Amino acid sequence: MKKNAEKTETVDSSAIEMKTLHFHQENVHDFAWFADKNWIVRKGELLLSDSTRNISLWSFYLPKNAELWENSIEYLHDSGYWYSKFYGDYPYNHITAVDGDMSAGGGMEYPNITVISRSGSKDLLEYVIMHEVGHNWFYGILGSNERDHTWMDEGLNEYSNIRYWQKKYKGRNEQIIVQEFVQNKLGIAKNLSMNWFTYAGYANSGKSRDAQPLNLTAEKYTGGNYGQHYSKTAVFMRYLQHYLGEDKMDEILQDFYRQWEFRHPYPEDLEAVFSAHLQEDLDWFFDNVFEKTTYVDYGIKKTDDRFVLHNYGTFTCPVEVAFYNGSGQEIQRDWHHNIDNKKKLSPPLAAVSARIDPDQHMPDVNRRNNSTQKSLNLNFVWDQPTYFNHDVNIVPWFFSYNYYNGFTPGLTIFSGFAPGYDGSGNALSFLYDFEHKKPVGGFSITRPIRSISLFHASSLNINMNHGSGRTGFNARISGTIKEPYVESPVARINANLFYHHLDSTAFDPFLYDGGKFLITSLRYSKNWELNIDSELTFRIGIKMGKDFARSYLSSDVNHRFTKNIATKIRLFVSRYLLTKELPAQYRTYLSGSIDSDFEQNILDRTGNSEALQVLSHIYYDGGPGLRGLVLDKDGRPLATEKMAWSLRINQELPYMPGDIFFDIGGTAGVENHFIVSGLHFGPLFIPFYQSWEVKYKIPNNGQWVLDRLRLGFNVSLPFGINF
Ligand SMILES: [Zn+2]
């Protein structure tokens, strides 16, 4: 093989004379044509292994993308080379890639030529170029019906992408570089590989109740599932290759290519070629992967010297298990078939530990339970999980700040959350409060719940935190209720149990009472996407403490009239069912939330800072949520133990940045209602009318506006470390 790239001069001026160009190509079912006089034009060549034909490689790209595209001829060469080697020789004389410099998907394939979107890195560009060039085989030469059997072109092609990367980048462990500095200098995600990238695209969907079989026509597919044509097909074909062996796979797919070159194969034609080459019936593979939504989940357990292989999944496929001796060397490896439930394995005498699918070819949706012995694997910030070990990510944490504790640097340690963990994750934060010279932090545990059939998907989160003058606990079940395959309506249920122990010296005594509080809350919401421009949301909730109970109701209507005109309306009403003893923080504040249950990162709950204190210039949305600050007669934020209501409107208008807000609200205890209106831009709320002002209801000078300016700040830190 020979790679040869040369640079050709570009001519800037347009020719005055008209000319006629003729393009001719046999055996293609589509064409495309691109032109741009600013292109840098590069040419290379590819000699196929039979050495009789020389294929011209062309890449056309804009000068501004020159650095990214500098190796584009190499990508074209290697794509042509590997696909020819895997499946059969490229039959045409040109392979061309065009820099589309747009952001419409990754790229678009046409016979002989492909247009490529903007890419974030050289590897991502190579990925897209090889993928689009690969469509010459899967879609072009093997002209399957891409609308009826999308997996046959996108999926088999994506599988080939993993193969290409494995061959070409074996030396760097199939690494794909999305961000050079982050991965190779900082060492974050340094082991990210192409095959894991594809597995990650599949693993979370495998067990979803929204999963759809691949053999559906394109219009029956929901948007969220479309990617499964690529990733699910790719990961299962990769697994099949491992099961059959690469030589066998090559033999079969090369025969498929020979038989169906320039014709229109259907799924059964592919399956027939597999059958012709194998003794074994592959119905189990084709049925499960393409016709069903079954998923693979094996697990292995060791008790004393017994190794038991469990099938927790719904797809019973052959599974490979390896045994290791005391020094960690592999001593035996076997395939196991027909494990419907569980099977006691017969390990070799020296076996100390075992792993399922030791090279990780099987798209097991939960890889956490695939080894009997785990050692500790520490990563800086995050890396691709090994799953066989305890993969623990250590994040230096500088960002947590609140006025009471000051900056609290420390470490957050987490594991899980990534695809392949089945929705599980743990996090632990050790932070230090230099002001009070004591540690702060907490932990958070997240697990999926599958036993509540009411829910489409649900999870349990438990977290405990110490910081900001509070020691607290929260257990939360959140679940969605909806029909499979539909995106609307979706209902959500959120049930919480909170415990707070508040040190009264750490809080603004007007806003928060100190002491111990046990709180339960239940929230139900339902959202309808009426059409692409309109949605409706309805919420109802109740919160209860020892001697109080408060209920609320709110509703949102959002509608976009034109590109620049949109309206959002929110109606809110709350009332108390019981107020025998109402702690200050559970009163209803008219002008925003004080986050009584510590679900957000609040900058100052002490009331001692001028700029940061809650309910002043910093605005946390919640409750009636008037965007202007209403004060009581003592100059404190107005709070009520009675019914409260608000109507809020956000109006986007043409030729205006941000939007205009208009809020009206009131409470049963106060005769007048309150109106505020102003400009909302980014996180800023800039009032220009406040009805409750005694002196000037509209600005009399710039200071009036500055005094009333508010900054929207609803931030929830990851892993539940909110103080
Ligand atoms: Zn594609």
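**Close-up views of the predicted model**

Asp-101 counts as buried, since its relative accessible area is 14% and the cut-off for buried is under 20%. The views below are taken from a predicted model.

**Figure 1. The salt bridge between Arg-118 and Asp-101.** The closest N and O atoms of Arg-118 and Asp-101 are 3.3 Å apart. Arg-118 is placed in the loop between β6 (113-116) and α2 (122-134), and Asp-101 in the loop between β4 (94-99) and β5 (107-110), so the pair ties together parts 17 residues apart in sequence. Asp-101 is the buried residue described above, at 14% relative accessible area.

**Figure 2. The salt bridge between Asp-123 and Arg-172.** Here the closest N and O atoms are 2.5 Å apart. The pair links distant parts of the chain, 49 residues apart: Asp-123 belongs to helix α2, while Arg-172 sits in the loop between α3 (150-168) and α4 (180-185).

**Figure 3. The salt bridge between Asp-597 and Lys-543.** The two side chains meet at 2.5 Å, N to O. Asp-597 lies in the loop between β27 (588-589) and β28 (618-619), and Lys-543 in strand β24 (residues 534-544); this pair also links distant parts of the chain, 54 residues apart. Both Asp-597 and Lys-543 are buried.

**Figure 4. A salt-bridge network.** Side chains of opposite charge can pair when their charged atoms come close. The structure holds 32 salt bridges.

**Figure 5. A positive surface patch.** Which residues form the positive patch? The patch is made up of Lys-301, Arg-306, Lys-342 and Lys-344. Of these residues, Lys-301 is found in strand β7 (residues 298-303). Lys-301 is partly exposed, with a relative accessible area of 47%; this value meets the patch requirement, because patch residues need over 30% relative accessible area.

**Figure 6. The surroundings of Pro-683.** Pro-683 is located in the loop between β32 (674-681) and β33 (684-690). Its relative accessible area is 45%, so Pro-683 is partly exposed. Apart from neighbours within four places in sequence, Pro-683 is in contact with Arg-710, Leu-711 and Gly-712. Between Pro-683 and Ser-72 there are 611 residues of separation in sequence and 42 Å in space, C-alpha to C-alpha.

**Figure 7. The protein chain as context for the close-ups.** The protein chain has 10 helices and 34 strands. Its C-alpha trace spans about 95 × 85 × 45 Å along the principal axes. Of its 723 residues, 50% count as buried. Among contacts with a separation of 6 or more, 57% come from residues 24 or more positions apart. The chain exposes about 33900 Å², and carbon and sulfur atoms supply 55% of this area. There are 72 positive and 84 negative side chains, with the centres of the two sets 7 Å apart.

Terms used:
Residues numbered from 1 in each chain as written. Predicted model: local features only at pLDDT ≥ 70, side-chain atom pairs only at ≥ 80, totals over all residues. Heavy atoms only, no water. Patch = residues over 30% accessible without salt bridge, like charges linked within 9 Å, V, L, I, M, F, W, Y side chains within 5 Å. Areas by Shrake-Rupley, 256 points an atom, 1.4 Å probe, with all protein chains shown as cover. Salt bridge = Lys/Arg side-chain N within 4 Å of Asp/Glu carboxyl O. Lys, Arg positive; Asp, Glu negative; His and termini not counted. Charge placed at Lys NZ, Arg CZ, Asp CG, Glu CD. Helix = DSSP H or I, 4+ residues; strand = E, 2+ residues; numbered from the N terminus. Buried < 20%, exposed > 50% of the residue type's maximum accessible area, 1.4 Å probe, protein only. Contact = heavy atoms within 4.5 Å.
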